[in-house]
Amino acid sequence: MSAKNPEIIKVSGPLVEAKNMEQSKMYEVVRVGSEGLVGEVIKLEGGNASIQVYEETAGVGPGEPVKLTGQTLSVELGPGLLETIYDGIQRPLKAIEEASGHFMARGIDAPGLDQTRKWDFVAVKSKGDKVKAGDVLGTVQETTLINHKIMVPAGVESGTVKSIQSGHFKVSDTVAVVEDQNGKERDVALRHFWPIRVSRPIKNKRIPNVPLVTGCRSTDMFFPLTKGGAGCIPGPFGSGKTVTQQTVAKYCDAEVIIYIGCGERGNEMTEVLEEFPHLIDPNSGEPLMKRTSMIANTSNMPVAAREASVYTGITIAEYYRDMGYDVALMADSTSRWAEAMREMSGRLEEMPGEEGYPAYLGSRTAEFYERAGAIECLGDEGRQGSLTVIGAVSPPGGDLSEPVSQNTLRVTKAYWGLDSKLSYQRHFPAINWLKSYSLYVPNLEKHHKDNTAADYWEVRETALGLLQEESKLQEIVRLVGPDALSTREKLVLLVSKSIREDFLFQDSFDADDAYTIPVKQYEMLKTIVTMYEEGMKLVDREELDFAKVEELPVIQKVAKIKELKADDLSTFESVRADIVKEFGAV
Ligand code: ADP
């Protein structure tokens, strides 16, 4: 007698239970109901399975069939990922829209890559060459910015190229045949599939010691990230998480950007989707999308798709890292991902942990951020790549003691804490300079000393110290008024104000101000710190009228320092010479 067919016994939102599922396995993709909605088996008990469904399940009911596919949830990796906007399970939004109009129909099969488009494959290996996993067999110019590498698949420890040909191919066409160590012949196409919950193999991790330059003065100078680092941006609603993530996506010096948007508000992702395709990469002058792949969870998509989207995104990111690129991944906001986990866990009736989140929230968060890193790529070609991960967190009410923030802080080393007080004051980016930190500073010491300025770190230390002192002095001023301050303390307030207003304040919407190169950042801050050093020469003088210092014309010049052009650094030196002159003449 043949086994009974799998069928639905219960539907609870995005969770479907099915019976007769003996033939299935964990994380298998199944098609649910007569419409064939995409789902994934997340629990198997006897013949019963719990299935997380990535599409709206309204109208689906008990008795409908479930079809097994034998596949685990995977992404299709190959040329065409860039310039594409996907949903959480790698279906191109455009393809879905074409198939169903603006309101997504369900059960649509839309492969991740265009199956008909042909690409020019240029072989770099020849028949008879010895190869191993990760070696580049050939390349495809995917966009004007990115040369896509077709690599020997994982698992080939020592292989031989049996055949290979350059030419015009579809992603599914075989371009090479490699015989592996067991004599098994493997067809290599332009694309392959990779399960999203499994990190891609690497040769070694490297110590990340090159900055990811974002052009944002506050983060680059004070709280830097490395290429291959992991950072988080916690902040309450409206404090600037999305603007910060998008600004980094636009300006940072990674070569490939993967942007995962789990919209807070319904229309937020729509804004990104409309804006991004028109943006120009300031470094190359090319459209930004030529180096970008986006995963969008608009609010009409079910929660389960959010859960999958971070894995889909990070697997694509790892793939470009493996080609030797510096990749940056932004996830906005990971709180929505955690909430999706909580909802599924609740429906599965798992034992809840803190605030109803599943007990595995911490391990899932860690697994995600641990996929960041600077690496040596597989293969013998000495390629290096990096994957930087920046996750936004939106704690309800801005309370960082909640589980998602706490678990994220544990595994990320750069922390850009956004502050609603600063955003109310319209101080942007609203990164709190007293609470934020970066544990990557020691990694970057040599880089900036060698490449930016010998006293880079001294200038930074002085400036940060002044800001810390300022916050204490402000407290005193609040209590007893400014008259109680010594001349030195007045100087600290004067210079810190300049650090805040002339250096830290940066308008992401002002084309000239949104991005500052590191050497200009340094020159700006060095100039401001010079006011402190020159002022210090005056403070011991008896009967100094500090008001005279405050009125020096050069202070107005410093206030406009961001307008000076980076291509002529002598202009900064001349402002510093003015500072020395005017302070000296008080
Ligand atoms: P969140 O994602 O934290 O809810 P948003 O990123 O949407 O907050 O920011 C809210 C608003 O704050 C933006 O619409 C913008 O007006 C302002 N804003 C945030 N960051 C900046 C910035 N760096 N420069 C200028 N304006 C900003």
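A polar side-chain atom of Lys 241 lies 2.8 Å from an oxygen atom of the ligand. That counts as a polar contact, meaning a pair of N or O atoms within 3.5 Å; within protein, one atom must be able to donate a hydrogen and the other to accept it, and residues adjacent in sequence count only if both atoms are side-chain atoms. Before going on, note that this is a predicted model: local features need pLDDT of at least 70, side-chain atom pairs count only at pLDDT 80 or more, and totals for chains, interfaces and linings use all residues. Residues are numbered from 1 along each chain as its sequence is written, and side-chain values use heavy atoms, with hydrogens and water left out.

Now look at helix H3, which spans residues 241-251 and holds Lys 250. Helices (H or I, at least four residues) and strands (E, at least two) are DSSP runs, numbered from the N terminus. Is Lys 250 buried or exposed? Lys 250 is buried, at 12% relative accessible area. The cut-offs are simple: buried means under 20% relative accessible area, exposed means over 50%, and partly exposed is in between (1.4 Å probe, protein chains only). Leaving aside neighbours within four places in sequence, Lys 250 is in contact with Glu 275, Leu 279, Asp 281, Pro 282, Leu 288 and Arg 291. Contact here means heavy atoms within 4.5 Å.

Glu 582 sits in helix H16, residues 570-584. Glu 582 is buried too, with a relative accessible area of 19%. Not counting residues up to four places away in sequence, Glu 582 touches Leu 552, Pro 553 and Val 554. Its side chain also reaches the backbone nitrogen of Val 554 at 2.9 Å.

## A strand pair

Strands E11 (residues 136-141) and E12 pair in the antiparallel sense, over 5 bridges. Pairing takes at least two bridges found by DSSP between the strands. A hairpin of 5 residues joins E11 to E12, and Gln 141 stands opposite Asn 147 in E12. Strand E12 itself (residues 147-151) is mostly covered, with 4 of its 5 residues buried.

How many disulfides does the model have? The count comes to 0, where a disulfide is a pair of cysteine sulfur atoms within 2.5 Å. Take Cys 216: its closest cysteine sulfur, in Cys 252, is 12 Å away, so that is too far for a bond. For Cys 232, the closest cysteine sulfur is in Cys 216, 15 Å off, and again too far for a bond. Both are tucked away: Cys 216 is buried at 14% relative accessibility, and Cys 232 is buried at 1%.

A few places in the chain deserve a look. A cis peptide bond joins Asp 332 and Ser 333, with omega about -5°. Ser 333 is in the loop between strand E22 (326-332) and helix H6 (334-347). Another cis peptide bond runs from Phe 428 to Pro 429, with omega near -10°. Pro 429 is in the loop between helix H9 (420-424) and strand E26 (437-438).

Then there are positive phi angles. Tyr 27 has a phi of about 65° although it is not a glycine. Tyr 27 is in the loop between strand E2 (15-19) and strand E3 (28-32), and is partly exposed at 32% relative accessible area. Glu 349, also not a glycine, has a positive phi of about 60°. The loop that holds Glu 349 runs between H6 and helix H7 (361-369), and Glu 349 counts as exposed, at 67% relative accessibility.
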